[in-house]
Amino acid sequence: MTAYDDVDRALLLALGADPRATVVALADGLGLSRNTVQARMAKLEASGAFLSFERSIDPTPLGFPLEAFVSVHVRQRQLGEVADRLGEIPEVIQAHGLSGSVDLLVRVVCRDAHDLFRIDGEILAIDGVERTETSLAMGELIPYRLAPLLQRRA
């Protein structure tokens, strides 16, 4: 992946501000030709610059108003198997491998406290999971963002 140039950054900032903007609107707003914007968008997409649309879907209307973070401690050399099994739990919406005392940070959605208890039990039942610590998310204070990084000069 090559670094973003000024045109890429401007295009990504414009898309961040209005993700539904048309190619024509982006071209007009940035003072670029429609062909330039289309070519840059294709290049950015091919490079993996755009994350999954699923990331922007609110789970609340699906019946999952609560979110929690589960810190998972895994038996040595079983991280891959545990991650595969976590992927089989529909309420697991994201998982990150970590350095330090915790091996995985798992983001889950749930219907209520009883549902969270059930999901935590499913995680604990996975062979290789030693223990978990669960924290209920009280609110998102800083949403996912990249605009400050795109605006920053290297």
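Me: Which residue in E4 stands opposite Val 72?
Reply: In this predicted model, local features need pLDDT of at least 70 and side-chain atom pairs count only at pLDDT 80 or more, while totals for chains, interfaces and linings use all residues. Residues are numbered from 1 along each chain as its sequence is written, and side-chain values use heavy atoms, with hydrogens and water left out. Seven bridges join E1 to E4, which run antiparallel, strands (E, at least two residues) and helices (H or I, at least four) being DSSP runs numbered from the N terminus. Within E4, the residue that stands opposite Val 72 is Thr 132.

Me: Which strands stand at the edges of the sheet?
Reply: The four strands form an open sheet with antiparallel pairing in the order E2-E3-E1-E4, where two strands pair if DSSP finds at least two bridges between them. Neighbouring strands are turned by 20 degrees against each other on average, direction ignored. One side of each edge strand is left without a neighbour in the sheet because each has a single partner strand, and these edge strands are E2 (92–97) and E4.

Me: What angle does H5 make with E4?
Reply: Angles run from 0 to 180 degrees between N-to-C directions, with axes fitted to C-alpha atoms, for helices over the stretch in contact. H4 packs on the sheet, touching E1, E2, E3 and E4, and its direction makes about 10 degrees with that of E3. H5 lies across E1, E3 and E4, and its angle to E4 is about 155 degrees.

Me: Which residues of the largest nonpolar core touch the most other members?
Reply: A nonpolar core is a set of buried Ala, Val, Leu, Ile, Met, Phe, Trp, Tyr and Cys residues joined through side-chain atoms within 4.5 Å, where buried means under 20% relative accessible area, exposed over 50% and partly exposed in between, for a 1.4 Å probe and protein chains only. Strand E1 (66–74), helix H4 (79–86), strand E3 (104–110) and helix H5 (113–124) each give two or more residues to this core. Of its 17 residues, those that touch the most other members are Val 72, Val 82, Leu 86, Leu 104, Val 106, Val 108 and Ile 123.

Me: Is Ser 135 buried, partly exposed or exposed?
Reply: Ser 135 has its place in strand E4 (residues 129–136). Leaving aside neighbours within four places in sequence, Ser 135 is in contact (heavy atoms within 4.5 Å) with Ala 68 and Phe 69. Its relative accessibility is 45%, so Ser 135 counts as partly exposed.

Me: Which residues does Gln 78 touch, not counting residues up to four places away in sequence?
Reply: Arg 77, in the loop between E1 and H4, has a positive phi of about 65 degrees although it is not a glycine, and at 75% relative accessibility Arg 77 counts as exposed. Gln 78 also has its place in the loop between E1 and H4, but Gln 78 is buried, with a relative accessible area of 16%. Not counting residues up to four places away in sequence, Gln 78 touches Asp 127 and Gly 128.

Me: At roughly what angle do the axes of H1 and H3 cross?
Reply: Val 7, Asp 8, Leu 11, Leu 12 and Leu 15 in H1 meet Val 37, Arg 40, Met 41, Lys 43 and Leu 44 in H3. The axes of helix H1 (residues 6–17) and helix H3 (residues 34–46) come within 11 Å and cross at roughly 85 degrees.
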